[in-house]
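The sequence and coordinates come first, for reference.

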Amino acid sequence: MALLSSLLAGLVFGLGLIVSGMANPAKVLGFLDLAGHWDPSLALVMGGAVAVGFFAFLVAKKRSRSLLGAEMKLPGAGPVDRRLVAGSVLFGMGWGLAGFCPGPALVGLGMGEPKAAMFVIAMLAGMALFELIDKRRGRR
Amino acid sequence: MHINWNAFTPWPALAGGLLIGVAAAMFALLNGRIAGISGILGGLLRPARGDVAWRAAFIAGLAAAPLAYAVFSALPAVQIDAGDGTLVIAGLLVGIGTRYGSGCTSGHGVCGLSRLSLRSLTATAAFMGAGFAVVFVVRHLFTL
């Protein structure tokens, strides 16, 4: 059951990305280009998603088990540290270069776009590099 | 600031955003988890028992979305202007950055802001700021 809902959540998420236009890097870059001919669409995508998410998490936070009986794994309030900010800045730089963040890149892969596939491979390499560095640091 | 009214698509953006919100809601309420795509994908690179299948299922659903969409309607065209070198550098930055920053547009942006998390608000401001800055540099300072 949990696997099925996982699959469905991914599917609905991907459909949302396609419907909203956010699966298209050119449209994302249109939002990030404040000084050019700005396309505010992404702000409405976020607004729509947060409007639903806000109420969902209000309910989810109060539960000790999920509706399917799973343990709740929602993050607590962690520190705002250098790791968080530096990582996010690196991510934002990559996002601004290609217009891809992880979700749309995986949807693009599903569309059979060779450029999306190339981005996903590089992204996985970046994630693997993080695992290597992080593991090495953890041993010290 | 010039708003490009021809490119602006408020209704599809809002509808798609609501769908994304529904997906995040489903995942939080049914699975008790954050629909953060970089975390779900990145976790596959440190596989632990009982921690692989749900991640793979979510990613499979995401990648299958174009197939499902195409059943009902023609897929909208996507335009990827970045060259191969740029795509590789961008991919590496997104991969390493999202893991260090513990999240991306979905985990911090959608879910974190929904949870009113200060950490996620900070992260979202950081990656959006960096995105704005890079696009400004690439498009308006050094037109590559």
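The points below take the conventions first, then each chain, then the interface, and finally a few single residues.

1. This is a predicted model, in which local features need pLDDT of at least 70 and side-chain atom pairs count only at pLDDT 80 or more, whereas totals for chains, interfaces and linings use all residues. Residues are numbered from 1 along each chain as its sequence is written, and chains are lettered from A and ligands numbered from 1 in the order in which they are written.

2. Chain A holds 6 helices and 1 strand, where helices (H or I, at least four residues) and strands (E, at least two) are DSSP runs numbered from the N terminus. Along the sequence its elements follow the pattern α-α-β-α-α-α-α, and the C-alpha trace spans about 45 × 45 × 30 Å along its principal axes. Of the 140 residues in chain A, 54% are buried; a residue is buried if 20 or more other C-beta atoms, placed from the backbone, lie within 10 Å of its own, exposed if 12 or fewer, and partly exposed in between.

3. Chain B likewise has 6 helices and 1 strand, but here the order from the N terminus on is β-α-α-α-α-α-α. Its C-alpha atoms fill a box of roughly 50 × 40 × 35 Å, taken along the principal axes, and buried residues make up 55% of its 144 residues. Among contacts in chain B between residues at least 6 apart in sequence, 40% join residues at least 24 apart, a contact being a pair of residues whose C-beta atoms, placed from the backbone, lie within 7 Å. For chain A, the corresponding share is 40%.

4. How many residues of chain B are in contact with chain A? The count is 104 residues of chain B, in contact with 104 residues of chain A. On the chain B side, the elements that give two or more residues are β1 (2–3), α1 (10–31), α2 (37–42), α3 (53–72), α4 (84–100), α5 (105–114) and α6 (118–141), and α1(B) gives the most, with 21 residues. By class, this side has 68 nonpolar, 28 polar and 8 charged residues, with Ala, Val, Leu, Ile, Met, Phe, Trp, Tyr, Cys and Pro counted as nonpolar, Asp, Glu, Lys and Arg as charged, and the others, Gly among them, as polar.

5. The chains are also linked through strands: β1 of chain A (residues 37–38) and β1(B) pair in the parallel sense over 2 bridges, given that two strands pair if DSSP finds at least two bridges between them. Within this pairing, W38(A) stands opposite I3(B).

6. Two packed helices are described by the angle between their axes and the distance between the axes. Axes here are lines fitted to C-alpha atoms, for helices over the stretch in contact, with angles running from 0 to 180 degrees between N-to-C directions. The axes of α5(A) (residues 102–110) and α3(B) come within 7 Å and cross at roughly 55 degrees, and these helices are therefore oblique to each other (under 35 degrees counts as roughly parallel, over 145 as roughly antiparallel, 65 to 115 as roughly perpendicular and the rest as oblique). Residues that meet here include L106(A) and L109(A) on one side and I59(B) and L62(B) on the other, and the contact divides into 10 nonpolar, 2 polar and no charged residues.

7. G94(A) lies in helix α4 (residues 82–98) of chain A and counts as buried because it has 31 C-beta neighbours inside 10 Å. Leaving aside neighbours within four places in sequence, G94(A) is in contact with A90(B), G91(B), L93(B), V94(B) and G97(B).

8. Two backbone angles deserve a look. S102(B), in the loop between α4 and α5 of chain B, has a positive phi of about 60 degrees although it is not a glycine, and S102(B) is buried, with 22 other C-beta atoms within 10 Å. L116(B), in the loop between α5 and α6 of chain B, has a positive phi near 60 degrees, but L116(B) counts as exposed, with 12 C-beta neighbours inside 10 Å.

Terms used
Two residues are in contact if their C-beta atoms, placed from the backbone, lie within 7 Å.
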